[in-house]
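Please keep the structure open while reading.

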Amino acid sequence: MPSTGRFTSEAARTAYEAAYRDLEARWPLPSDDVRVETAYGPTHVRRSGTGTRTPLVLLHGLNGTGLSWHGVVTALAADRVVYAPDVVGTAGRSEQTAALTGPDDYAAWGAQLLEGLGLERAHVLGYSEGAWFAALLASGATDQATDQATDQATGRVGALVLGEGITALVKPDRRVIPRMVRAAALPTARNLARLDEWLTPGVTLADADRALARAAMRYRRRTPWPSPLPDDRLRAITAPTLAFFGADTRLGDPVAAGRRVTEQVRDSRVELVPGGGHGVLWQLPDRVLPLVDGFLREHDAA
């Protein structure tokens with residue numbers, strides 16, 4: 001088995017790149033591309049926004065890329081620089097060149113990302129699977145053999161926001177995996193739309209978003225999948241933390257997930273958004289974006 005991810009064929013890669021370019025055209029702000037070298041491969045980062053407030057790093061969810069944030073980035077970058085990477089090991093413009101075998105590898109990758117971007121202090125917002133990446137970055141390494149910079153990076157995180165980070169905290173609902181497996185086995189537009197309607201009700205995806213997600217399913221990942229972080233790892237998070245969930249999310253139990261945050265993360269706040277599903281940030285942006293913005297402003301550098 002190969003140790004790094006790859007597309008199933010060159011045709012699949014070509015189709016994905018075309019879909020990526022189509023979605024790229026929807027990015028609403030001026031931006032520039034940054035390439036960050038890491039031990040796990042070069043990471044492609046889209047940088048947008050201006051302002052003196054603490055920079056913000058955005059970590060996307062499953063089958064997403066940095067472009068996944070196009071619908072909300074204007075608000076998030078209103079008065080700060082925002083960095084939206086394509087996470088290494090997933091489909092995107094980043095390139096995985098070394099094995100990612102466990103959580104510590106993603107903690108190290110995140111540390112090297114902040115270092116490579118020259119960010120002495122940054123807020124980190126992760127959504128869904130991205131919340132797992134974000135929590136690993138903020139908690140540091142558990143393996144002493146991991147690069148010392150990984151532990152040092154925890155001090156670089158000004159504030160941590162975990163959006164719908166169910167799988168980083170509790171097991172997913174038993175209905176989720178079978179539905180995702182069925183959609184992945186036959187990723188037609190209809191099957192993917194049915195999964196979206198069930199998992200993220202109230203979120204209307206543009207054709208370009210659906211096309212890129214569908215093309216990403218022909219990328220074979222060789223990475224660890226999110227699993228609930230143990231208590232000691234959550235206790236290692238020292239950054240002020242906001243965790244928000246759709247109160248009606250179908251991904252898992254938001255109350256149990258929130259309880260783990262409040263019990264284990266010393267400086268934390270949990271918000272359940274009424275009427276929200278797994279895509280609550282995009283479903284109810286008028287409720288969620290002010291919540292996130294207010295929290296980040298509380299913890300911006302003086």
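R53 is partly exposed, with a relative accessible area of 30%. The model is predicted. R53 pairs with D300 in a salt bridge, and the structure holds 20 salt bridges.

**R53 and D300**
- The closest N and O atoms of D300 and R53 are 3.0 Å apart.
- This pair links distant parts of the chain: R53 sits in strand β4 (residues 53-59), D300 in the segment after α12 (285-298), and 247 residues separate them.
- D300 is buried, at a relative accessible area of 13%.
- Salt bridges with shared partners join R53, D79, R80, D293, R297 and D300 into one network.

**E120 and R156**
- E120 forms a salt bridge with R156, with 3.7 Å between the closest N and O atoms.
- E120 lies in the loop between α3 and β6 (122-127) and R156 in the loop between α5 (148-153) and β7 (157-163), so the pair ties together parts 36 residues apart in sequence.
- E120 is exposed, with a relative accessible area of 61%, whereas R156 is buried, at 13%.

**R46 and D33**
- R46 forms a salt bridge with D33; their closest N and O atoms are 4.0 Å apart.
- R46 belongs to strand β3 (residues 43-48) and D33 to strand β2 (residues 31-36), 13 residues apart.
- R46 is buried, at 5% relative accessible area, while D33 is partly exposed, at 45%.

**Helices α3 and α4**
- The axes of α3 (residues 103-116) and α4 (residues 129-139) come within 8 Å and cross at roughly 80°, which means α3 is roughly perpendicular to α4.
- P103, Y106, A107, G110, A111 and L114 of α3 meet W132, F133, L136 and L137 of α4.
- This contact has 9 nonpolar, 1 polar and no charged residues.

Technical notes: Residues numbered from 1 in each chain as written. Predicted model: local features only at pLDDT ≥ 70, side-chain atom pairs only at ≥ 80, totals over all residues. Heavy atoms only, no water. Axes fitted to C-alpha atoms, helices over the stretch in contact; angles between N-to-C directions. Helix = DSSP H or I, 4+ residues; strand = E, 2+ residues; numbered from the N terminus. Parallel < 35°, antiparallel > 145°, perpendicular 65-115°, else oblique. Contact = heavy atoms within 4.5 Å. Nonpolar A, V, L, I, M, F, W, Y, C, P; charged D, E, K, R; others polar. Salt bridge = Lys/Arg side-chain N within 4 Å of Asp/Glu carboxyl O. Buried < 20%, exposed > 50% of the residue type's maximum accessible area, 1.4 Å probe, protein only.
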